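Colleague: I would like to learn how to read a structure like this one, feature by feature. Could you take me through it, giving the general idea before each case?

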Amino acid sequence: MAADWEEIRRLAADFQRAQFADTVQRLSERNCIEIIVKLVQDKKLDVVHTLDGKEYITPAQITREIRDELYVHGGRINIVDLQQIINVDWNHVESRAGDIAKSDKGVHLLLGQLIDDTYLNRLAEDVNDKLQEAGLISIAELCKNYDLPGDFLSEELSKRLGKLIQGEIDQHNRGVIFTRAYVARHKARIRGLFSAITRPTPVSSMIGTFAFQEHLLYSVLEELVNTGRLKGSVVGGRQDKAMYIPDIYSRTQNAWVDSFLQQNGYLEFDALVRLGIPDPTSYIRNRFKSSKLLFLRGACVGQNLVDQVEASVEEAVNSATWTDIQAILPSCLSMEDVGMLINQAMRNTNVLSAARVLGETVVVSEKFLSNCLSLFDDTMLQKAQKEVKNNPVFLITEDDLKQAAMVMECSTTSKKDKRDAERKKKATEGTGSVKSGGGGNAREIRIRKTKKKGRKDEDSDEENSPSQQNRRKQSAAPFMAQEEIIAVLEERVSDCPEEILSELAEHLVRPLAKAYQEVLRAVFLSSTSSPSRANKKQSMKDLQEEITNLFNNIRLFEKGNKFFSDETQVHISKHILKTLCTDVTNILVNFLAADLMMSVENPATITNEVRVKILGRLSEETKGPLMKLHNCLNGKTVEDFLTNIETCTEVCGLMLKKGDKKRERQALFLHRQALTEQLKEAEDPALILHLTSVLLFQASTHCMLHAPGRCVPQIIGTLTGRIPTDQQQLLASYQSLVVKQLVSQSSKLEENDDKVEEQEEVRGVRMQLAALTPQLKDLMLSQRKTSVTED
């Protein structure tokens, strides 16, 4: 022990000598820095280098300085300002500030700022001063003034309520703090104001007029209503549409509603809205819980009104008549409401299948509709018989043909045998009927008059899609228009207003059309087995003679066509194809259509559309040649048609007899005779010129001509050198006058100009034509009187 003390004394003496001894070696500043850096690297020393590089500072010292600066700045300082004051890197300041906020519950790091409780207490005292002065303060306003988040400020102020802040936070709106004196003052204002209200008043208007705080107003108002201090109710909740209704008004309102419903049997929603009831449906359901009401779109009706409607519907059904429900319903009900009421009444009385609604308000029994349909039975049958007779091609479907084939099956064999025998008989008979030849020429003259009508289908192509056929069938045989149905109903149905007749006719259009189609079908099928149908067919002999005469006439017309230029020949050929050739084709097609029960009485009425439809029903071996013949009608030459017509007659079982010299002379004579008779009766200068030029052409060339009116100049040109000069001059003069007349007529139609000079010129042309017409007619009529009749 003594030795130890000796050692201590020795060391103390050495230390004392070292302290008082003079320094032999000293460390430089650079060496000190290197030593500190080495210690920091080895983590044996924890210091922070200042930004100016002159000092080292420990983290503990940074923490102390941060707390000191926080205290100096009144409990709130920004970290950016701390970094400038302490003069170290911003990361070290932020790190130490975060450590302080974590370790000390009285310090908060918020939005880059350090805030302690002393600052918050002082802030709460300032807020309390403002609150006591104003009675109400908004946290949103405080956030703006103190630059703090609303949630943080609301939480901190809530902790200090009742301590540093003498006030309360609104439970429905956490963003408002008010004092009890403020609440009491406003409660008294609200109580007095709403006690004086005697009619429904929007709560929102009170807020704007008297500057009430919205949530506070609703809270106080609900409290006063629930405690019974205010005699009234708030309708609509806490919304812009909220309405305060005092009890005195509610009693008056309820009395009016009860009285109106009892007297009228209905309540209109718009009337309740005008009365101050914002939600009429809910009000009525709550007010009349035990009553049986029917709610519509714009109104509700009582049971008495429903019973009246049901009684009217039942009476109409039982008596097989109609009733207009609109007469017993209030005028304020919309058409939609009337429809809902009628449907409900029909469901209640179980008459949905025995009646239907027309025009939204008229209930008609099915028996009444059936009686109205029966009024048209006779008319329907008569029209169907007439339609089947005139236009059978539009009425027949594939099913009809199948059923008709079954009906005709028994007589098919006998008909074929009879037809074969008739063909053999015709093969041995001669030709040359003057009557038939005249018929062919008469047909030619008639068609020439109406040549414009044939041009309508000149360039048309036929399309036979199923949808088009269906549309044609639907529109081909309509029964009656709605106006015609109304006229029949007015005559046959008594005591029915015009409006109801119109609705009834509109409803009957479809059933009548459907029934008419069924009657058409029945009439057609019954006609297939009628023995009189065979008598209506043209005999094979007459048919063959007519086709032969037309064929020979076409050949003769084509022969006369050779005297003209190529361009004129094309125009004349097209005219022949559209007239005579079309007649021949229609006769053949109508002959084949008789086997399909699709023939018509007059083949001239067959159009391109009908012809294509009939050809589509034929067999392939018959359809092919006839389709080629049909296509030739749209060509430019007659030769193709003449070639195909021979093939088609063979397919149809007909014998085509080519003309001899005698038949040609007969045709020339009959054609000249027909044209001469027509010339005698003609009065139109253009027609007179046309007939005279054709007759002169036949007289000079001994060839028949069938040309359109626009080829008259070419015909007159061809006559040059073939007729005497005086006749040629007369034709030329008459032609120029006709052209002038036609030009003046067209210009008058276009310009509608009534100039005196032009009228004089037109009158002069007319007088000259009147003077020359007898001379022009005499060119041919005088020849006819002196000529010898050809054998």
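Predicted model: local features only at pLDDT ≥ 70, side-chain atom pairs only at ≥ 80, totals over all residues.

Colleague: Is Thr 361 buried or exposed?

Modeller: Buried means under 20% relative accessible area, exposed over 50%, and partly exposed in between, with a 1.4 Å probe and protein chains only. Thr 361 counts as buried because its relative accessibility is 8%.

Colleague: Which residues is Thr 361 in contact with, leaving aside its neighbours within four places in sequence?

Modeller: Contact means heavy atoms within 4.5 Å, and on that reading Thr 361 is in contact with Thr 323, Asp 324, Ile 325, Gln 326, Met 335, Val 338 and Ile 342. With Asp 324 there is also a polar contact of 3.1 Å between the two side chains; a polar contact is a pair of N or O atoms within 3.5 Å, where within protein one must be able to donate a hydrogen and the other to accept it, and residues adjacent in sequence count only if both atoms are side-chain atoms.

Colleague: What is the order of the strands in the open sheet that contains β16 and β17?

Modeller: Strands of a sheet pair through backbone hydrogen bonds, either parallel or antiparallel. Here the order of the three strands is β15-β17-β16, with antiparallel pairing, and two strands are said to pair if DSSP finds at least two bridges between them. β15 and β16 stand at the edges with a single partner strand each, so one side of each has no neighbour in the sheet. From one strand to the next, the twist averages 20 degrees. β16 and β17 pair over four bridges, and Leu 358 stands opposite Val 362 in β17. Helix α15 packs on this sheet, touching β15, β16 and β17, and its direction makes about 35 degrees with that of β17; axes are lines fitted to C-alpha atoms, for helices over the stretch in contact, and angles run from 0 to 180 degrees between N-to-C directions.

Colleague: Where does Ala 320 lie?

Modeller: Ala 320 lies in the loop between α15 (303-318) and β15 (322-324), and it has a positive phi of about 55 degrees although it is not a glycine. Asp 147, in the loop between α7 (139-146) and α8, likewise is not a glycine and has a positive phi of about 55 degrees; at 51% relative accessibility, Asp 147 counts as exposed.

Colleague: At what angle do the axes of α3 and α5 cross?

Modeller: Two packed helices are described by the angle between their axes and the distance between the axes. The axes of α3 (residues 59-72) and α5 (residues 90-103) come within 10 Å and cross at roughly 70 degrees, so the two helices are roughly perpendicular to each other; angles under 35 degrees count as roughly parallel, over 145 as roughly antiparallel, 65 to 115 as roughly perpendicular and the rest as oblique. The crossing of α3 and α5 is right-handed, a crossing being left-handed if the near helix is turned anticlockwise from the far one by less than a right angle, and right-handed if clockwise. Among the residues that meet are Ile 62 and Ile 66 in α3, and Val 93 and Ala 97 in α5.

Colleague: How many degrees is the angle at which α4 packs with α5?

Modeller: α4 (residues 79-86) and α5 pack at about 120 degrees with their axes 9 Å apart, and the two are therefore oblique to each other. The contact involves residues including Ile 79 and Leu 82 of α4, and Val 93 and Ala 97 of α5.

Colleague: How many helices and strands does the secondary structure of the protein come to?

Modeller: There are 35 helices and 17 strands, and of the 791 residues of the protein, 41% count as buried.

Key. Residues numbered from 1 in each chain as written. Heavy atoms only, no water.
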